[in-house]
Amino acid sequence: MAEYKAKRHPSIKPLHPGETLREDIIPALGRPKAEIARLLGISRQALYDIHNEHAPVTADMAVRLGKLCGNGPNLWI
C-alpha cells in the first residue's frame, strides 16, 4: 500500500486537539466536564488545560481520549 504524505498550508496553524475536544466532543457527550475528567481518570484542571489549549495531549492522554470517544488514539496525537 502506498503512503500519502499529507501536506499542510504553511500559513495555517495546526489544530490543537483541545479545540476539537471543546467544540465537538464535549458537547456531543452531553456530560459535565467534571464527569468527563473522572471517566478519563484525570483531574478537572488537567482536562481544562487541554480544553483551553494550555497543555499538549500526551500519548497516554491520547489513548484515554480514544477509548472514551471510541475513535482510537491516532486522532488525538
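Colleague: Which side chains does a polar contact of 3.1 Å join?

Modeller: This is a predicted model. In it, the side chains of His51 and Asn52 are joined by that contact.

Colleague: Where does His51 lie?

Modeller: His51 is in helix H3, which covers residues 44–51.

Colleague: Is His51 buried or exposed, and why?

Modeller: Buried means under 20% relative accessible area. His51 has 10% relative accessibility, so His51 counts as buried. Leaving aside neighbours within four places in sequence, His51 is in contact with Gly18, Arg22, Ile26 and Lys33.

Colleague: How should I read a pair of packed helices?

Modeller: Two packed helices are described by the angle between their axes and by the distance between those axes. Here, take helix H2 (residues 33–40) and helix H4 (residues 59–69): their axes come within 10 Å and cross at roughly 115°.

Colleague: What is the orientation of H2 and H4 to each other?

Modeller: Angles of 65 to 115 degrees count as roughly perpendicular. H2 and H4 are therefore roughly perpendicular to each other. Their crossing is right-handed.

Colleague: Which residues meet where H2 contacts H4?

Modeller: From H2 come Ile36, Leu39 and Leu40, and they meet Arg64, Leu65 and Leu68 of H4. By class, this contact has 5 nonpolar, no polar and 1 charged residues.

Colleague: Which residues does Leu29 touch?

Modeller: Not counting residues up to four places away in sequence, Leu29 touches Ile36 and Leu68. Leu29 itself is in helix H1 (residues 17–29) and, at 31% relative accessibility, counts as partly exposed. The C-alpha atoms of Leu29 and Cys69 are separated by 8.6 Å, though these residues are 40 residues apart along the chain.

Technical notes. Residues are numbered from 1 along each chain as its sequence is written. This is a predicted model: local features need pLDDT of at least 70, side-chain atom pairs count only at pLDDT 80 or more; totals for chains, interfaces and linings use all residues. Side-chain values use heavy atoms; hydrogens and water are left out. Helices (H or I, at least four residues) and strands (E, at least two) are DSSP runs, numbered from the N terminus. Buried means under 20% relative accessible area, exposed over 50%, partly exposed in between (1.4 Å probe, protein chains only). A polar contact is a pair of N or O atoms within 3.5 Å; within protein, one must be able to donate a hydrogen and the other to accept it, and residues adjacent in sequence count only if both atoms are side-chain atoms. Contact means heavy atoms within 4.5 Å. Axes are lines fitted to C-alpha atoms, for helices over the stretch in contact, and angles run from 0 to 180 degrees between N-to-C directions. Angles under 35 degrees count as roughly parallel, over 145 as roughly antiparallel, 65 to 115 as roughly perpendicular and the rest as oblique. A crossing is left-handed if the near helix is turned anticlockwise from the far one by less than a right angle, and right-handed if clockwise. Ala, Val, Leu, Ile, Met, Phe, Trp, Tyr, Cys and Pro count as nonpolar, Asp, Glu, Lys and Arg as charged, and the others, Gly among them, as polar.
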